[in-house]
Amino acid sequence: MLQRLELDRRGIREFLEGPEVRQMVDGATAGIAARVRARLPSGTPVTVRAYTTDRGAASITIADVRGMAWQARDGVLTRSAGEAGIEVRDWRAG
């Protein structure tokens, strides 16, 4: 006997846009940002920006001209995210 499963798309959307997901994202972002800061010279500015798309999201930026070099050479952002259990993928790869 087959049963049909119907997704509650509206409920899923409300959950993804809700405070629980926002809290989870903000907590993960704070942890990753702390790991990034620990890998950089003291006082290097690291910015965190929370935003919402179809769900809570955030970005972490090394606000220093050397940030791109540190990422390219040492993978500062990628490694910090990986240690927090976040899978990093190239958004251009689809």
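Visitor: Which residue forms a salt bridge with Glu14?
Guide: That's Arg10, and the closest N and O atoms of the pair are 3.9 Å apart. Keep in mind that this is a predicted model.

Visitor: Where do Glu14 and Arg10 lie?
Guide: Both are in helix α1, four residues apart, which is about one turn of the helix.

Visitor: Buried or exposed, that Glu14?
Guide: Glu14 is exposed, because its relative accessible area is 52% and the cut-off for exposed is over 50%. Arg10 counts as exposed too, with 58%.

Visitor: OK, back to salt bridges. How many are there?
Guide: The count comes to seven. One of them joins Arg55 to Asp54, with the closest N and O atoms 3.0 Å apart. Another pairs Arg66 with Asp64, and there the closest N and O atoms are 2.9 Å apart.

Visitor: Why would such side chains pair at all?
Guide: Opposite charges can pair when the charged atoms of the side chains come close.

Visitor: How accessible are Arg55 and Asp54?
Guide: Arg55 has 38% relative accessibility, so it counts as partly exposed. Asp54 is partly exposed as well, with a relative accessible area of 43%.

Visitor: What about Arg66?
Guide: Arg66 is partly exposed, at 43% relative accessibility.

Visitor: Is Ser80 buried or exposed?
Guide: Ser80 is buried, because its relative accessibility is 0% and buried means under 20%.

Visitor: What does Val76 look like, then? Which helix is Val76 in?
Guide: Val76 is in α4, and it counts as buried at 2% relative accessibility.

Visitor: Which elements give two or more residues to its lining?
Guide: Those are α2 (19–39), β2 (56–62), α3 (67–74) and α4 (76–83). The element that gives the most is β2, with seven residues.

Visitor: How many residues line the largest pocket, and which lie nearest its centre?
Guide: There are 30 lining residues, and Ala58, Ser59, Ala81, Ile86 and Val88 lie nearest the centre.

Visitor: What kinds of residues make up that lining?
Guide: It divides into 17 nonpolar, eight polar and five charged residues.

Visitor: Now the outside. Which residues make a nonpolar surface patch?
Guide: Leu5, Leu7 and Ile12 make one, of about 330 Å².

Visitor: Where does Leu7 lie, and is Leu7 buried or exposed?
Guide: Leu7 lies in the segment before α1 (9–16). With a relative accessible area of 52%, Leu7 is exposed.

Visitor: Last one: where is Pro41?
Guide: Pro41 sits in the loop between α2 and β1 (46–52). At 40% relative accessibility, Pro41 is partly exposed.

Visitor: And how far is Pro41 from Gln71?
Guide: They are 14 Å apart in space, C-alpha to C-alpha, and 30 residues apart in sequence.

Technical notes:
Residues numbered from 1 in each chain as written. Predicted model: local features only at pLDDT ≥ 70, side-chain atom pairs only at ≥ 80, totals over all residues. Heavy atoms only, no water. 1 Å grid on protein atoms, 1.4 Å probe; cavity = no way out; pocket = protein on both sides within 12 Å on 5 of 7 lines; lining within 4 Å. Nonpolar A, V, L, I, M, F, W, Y, C, P; charged D, E, K, R; others polar. Patch = residues over 30% accessible without salt bridge, like charges linked within 9 Å, V, L, I, M, F, W, Y side chains within 5 Å. Areas by Shrake-Rupley, 256 points an atom, 1.4 Å probe, with all protein chains shown as cover. Salt bridge = Lys/Arg side-chain N within 4 Å of Asp/Glu carboxyl O. Buried < 20%, exposed > 50% of the residue type's maximum accessible area, 1.4 Å probe, protein only.
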